[in-house]
Amino acid sequence: MDTGKFLQKIQVEDFYRDQIVHKHTIPLRKARFGKLQEQLPKKLLAVLERSGIERLYTHQVVAIGQLRRARDVVIVTSTASGKTLCYNVPVLESVIEDAESRALYLFPTKALAQDQLRVLNRYGGEGGVHFLAGTYDGDTPTSQRRKLREEAKVLLTNPDMLHSGIMPNHAKWAGFFSRLRYVVVDEIHSYRGIFGSHVANVMRRLERICRHYGASPVIAASSATIANPGEHAEKLIGRKMKVVSKDGAPRGRKHFLFWNPPVIDTGMMERRSANIEASDIVTRLVLDDIQTIAFVRARVISEVVTRYAREELGRHRPGLADSVHPYRGGYLPEERRTIEKRLFGGDLKAVISTNALELGIDVGALHASVIVGYPGTIASTWQQAGRAGRGSEEALVIFIPYNTPLDQYLANHPDYFFGRSPENAIIDPENPHILMSHLRAAAFELPLGVKEVEAMGEYAPSIATLLEDERELNFVKGRWYWRGKGYPSADVSLRNISPDIYTIVDETQENKVIGTIDESSAFQQVHPQAIYLHEAETYFVRDLDTEKKIAFVERTNVDYYTQSITEVQVKVDHEEKRQTWRLSTVAFGDVSVTSLTFMFRKIKFGSRDSIGYGKCELPPQVLETSGLWIVPPPDALAAVRRCGRVPGEGLLGLSNVLREVVPLFVMCDPLDIGTTVNSRSTGSPAVYLYDKYPGGLGFSLKAYDLIESIMEAALELIGTCSCKHGCPSCVGSPIPPFSQLDPDTGGKGMIPDKEAALVILHYLLEKEPYQPPPPERSIEIEETFERPEGKPIPVELESKLRAGLRRKRMRSRG
C-alpha cells in the first residue's frame, strides 16, 4: 500500500482534527539465511520448493537442528517469520523416515488448528509427503474420531480437548501415545494467567501418560516476543528449553501512528469516541481498497464498530457495507470459518476482531491494522500490529487510545512504549484451586505416586490428603487411587473463571443457538431486557434462565445498546501479612468479592447518550481470591476534609488509577485485577486491589511488594494530566459513570475527585502538602460516606434478611 498517499488523504477529511500525535517508522529488514548440516529428504525439499521456499532463515536452521538432536526448543521470533516451518520440517522428516511416528500439535484456539491443518495439507499432492492429519476437537464428527485416533500421523487439537476428551480416555489412545515423537505447543505467550496455569498442569499430566506408554516426545514450542520466553516455557512445559530468538526473517517498512481522539469539551475532560474514530478510519481504508483488521477489547465493541462502519459505508458506497464483518468469541464454528474464508479470499475488506484473530491464523495479505484501545500488554500490541504487512510488504498500524489513564499515558509517552521491552508472561500452576482440579483428573487417569504428587507443588500433598478425607482418593501402598464419582476433568474449564457456560438462543429463528458466554459475562451482557449484539444486529434478551443456563433472545431493531451497572463489595477473610508503608498500613490476604449486577443503562448508538435505565434481578456472584488493601491514616483523610473535599471520592479516584497503573509493574492485563473502596473489614476507608481469579494468581501479591513504585506512578499520572477536575484519562470522569465493558462509556460508581486524590497521594508519599483549589460544587453529601459500622450481622441472619427482601420485591412486582 502507498501509506504516504493514504495519510495525505485522511488528513484533509472533515473528521481530522490533528489526531495524529506521534509517527514512528520501523525500517525495512532484509532476510538472513542459513544452511542445514544435513539435507532435507528429497520429497520434502520438492514440496518446499513448490511452495516458493528455496532457502531457510537462520532461526529456522537453528531450531530444526536442535529438534533433530531431540532437544526441546522454544522459538521466539516476530509475527509471520516462519515459526511453523521450524517444527513442521522435523515432524515431516520423522513421518517420512518412520511410518509409525506420531506428532501432537496443541493450539490455543480451534480456528488456529484448522488454519494449520490447511498448511499441513499443502505438503501432500503429487510427489509430496502423504500422511493423515486432522483436527480433533469438539467440532470433529463422531464418524471421524476413531479414524484419527488410530491412523492420524499428526493430530491437531487444543488443551481443552486434550484435558477433557483425550487424556481421560488414554487407554483408547495407547497406540498413539506409545508412538508419540513430537509435541508442538504453539503460541505459548497466550498461555498466561488462569488459562496458562491450567495448561501447565495439563502438560504435566500429558508427560505422565507418555511415560506410562514408554514415550518421551521432543517438545517444540513457539511464542511471540515476550521478556521471559525461556522461563515461561519451562514453567509451562515442565522441562528445560533451548531458546531460539535470533530472527532471520525479512520485515517490511511499518508506519506506526498514535491517533488520539480529539477533546470535545472546554474542560479538557471528554474525547471523541475511540470506537467512532476507528469506524471512520476503517471506512476510509475500505474505500481505498486497503484490506484491514481492527482489534477491539470486547465482544460488544466489535459489534458496535462494525455497525458504525457499515452505516458510514452505506452513505458513501452501499455495495461495500457488507464487506466489513465482526469476529469474536461466541460465534459458532461454521460462522468463524466462513468469516476466515471470506477474509483470506479478499471478499471481506475489513474485519473487526477481538483478540481471537491476534494469533497466527492465515487470513491473507492484510495491509493495515487498527488497534482500538491498549490491548493490555506491549507483547499483545506488537502481535496485533504484526497482523498487517506480512513479509517484506509495507504496512500501516494505527493505535487509537481510549480516554482511560493507561491508554492516555501511552499516547502522551510514545517513547515509553517504543523503548520498553515486552512483558513477562505470568502463570501460577501451583494455585491450590487449579491444582486440586488437576490432582483429581490425574488420579482418574493413572494412580498417583508420592513423588509425582510432591512434584506438583508444595500444596499438592495436603490437597491429596484433603481429597482422601472427602473420599475422592484412596491411599494404598504409596499411591493415591481415584475412588470418586463422575468424570473429574469435565468439572474444570481451562479458560473461564466460572465453570458455567450459558447458551444464547434466538427464539425468532426456531430456537437457533447463536452463541455462548460464561456466567460472569452473562450476568452483565445477557440479563433480562439487555440488548445483545450479534453480527452487528440487535437482539432483545427476553429471559435469562440461570438454572438451565440459557439466554432467550429475540431479534429486534433498536437504536441503542445496554451496559450493566455492578456493585462490588470486598470482605477480608484472612490477613496473611501486613507492612507499615510510610504512614499507611498495607496488608495482603484472602478476600471475598461480591458482585451484584442490579441495574443497566441504555446507550444510544453514535452519541453514547444515556437514554434510560432498567433494574436487574440477579443473584450476587462471590469470588474468593487474594488481594491487598491500603488503609490511609486518619490524618490523610482529615487533610482532604480541610480542603473542603470528600475523602471517599479521592480514594475512589486513586483506586481507578491503580487499576490502570498496576499492569505496568506486575505484567498483567487490567482485566485481571479489580479495585474498589470500602471500610467493611478495616473499620475505616481502604482501597482494595484484588485478583479476578479464584485463589488469586499472584498479581496483587506482586503489587504488595512494589507498593512504593506503584504509588509514585499513580501520582505522576494524575499530576501530569492537563484536565481541571479529573477525567477518564486520570481518576475517572466527574460525571457519575458506572462499570462498563466498553471503555468508551466510563468507569464505575460515585464521583472520583482528582484534587482529593492528589491530597491523599502527597500525604501518603510524605511529599509537600498539596493545596487544591476550592471545590466548585457542594459537599453536603460528605457525611454519608463514613456511616457507622454497628455490630456485624451473623452470616445466617444476613442470608435470611436478604431472602426476605427478595420475597418482598417479588410480591411488589406481582
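User: What is the order of the strands in the open sheet of 5 strands?

Analyst: This is a predicted model, in which local features need pLDDT of at least 70, side-chain atom pairs count only at pLDDT 80 or more, and totals for chains, interfaces and linings use all residues. Residues are numbered from 1 along each chain as its sequence is written, and side-chain values use heavy atoms, leaving out hydrogens and water. Helices (H or I, at least four residues) and strands (E, at least two) are DSSP runs, numbered from the N terminus. Two strands pair if DSSP finds at least two bridges between them. Here the order is E21-E20-E24-E23-E22, with mixed pairing. The edge strands, E21 (512-518) and E22 (531-534), each pair on one side only.

User: How many bridges join E23 to E24?

Analyst: There are 7 bridges between E23 (residues 537-545) and E24 (residues 550-556), and the two strands run antiparallel. Within this pair, Asp543 has Phe552 in E24 as its bridge partner.

User: Is Arg297 buried, partly exposed or exposed?

Analyst: Buried means under 20% relative accessible area, exposed over 50%, and partly exposed in between (1.4 Å probe, protein chains only). Arg297 has a relative accessible area of 26%, so it is partly exposed. Its place is in the loop between strand E12 (292-295) and helix H12 (299-316).

User: How far apart are Arg297 and Gly376 in sequence and in space?

Analyst: They are 79 residues apart in sequence and 9.1 Å apart in space, C-alpha to C-alpha.
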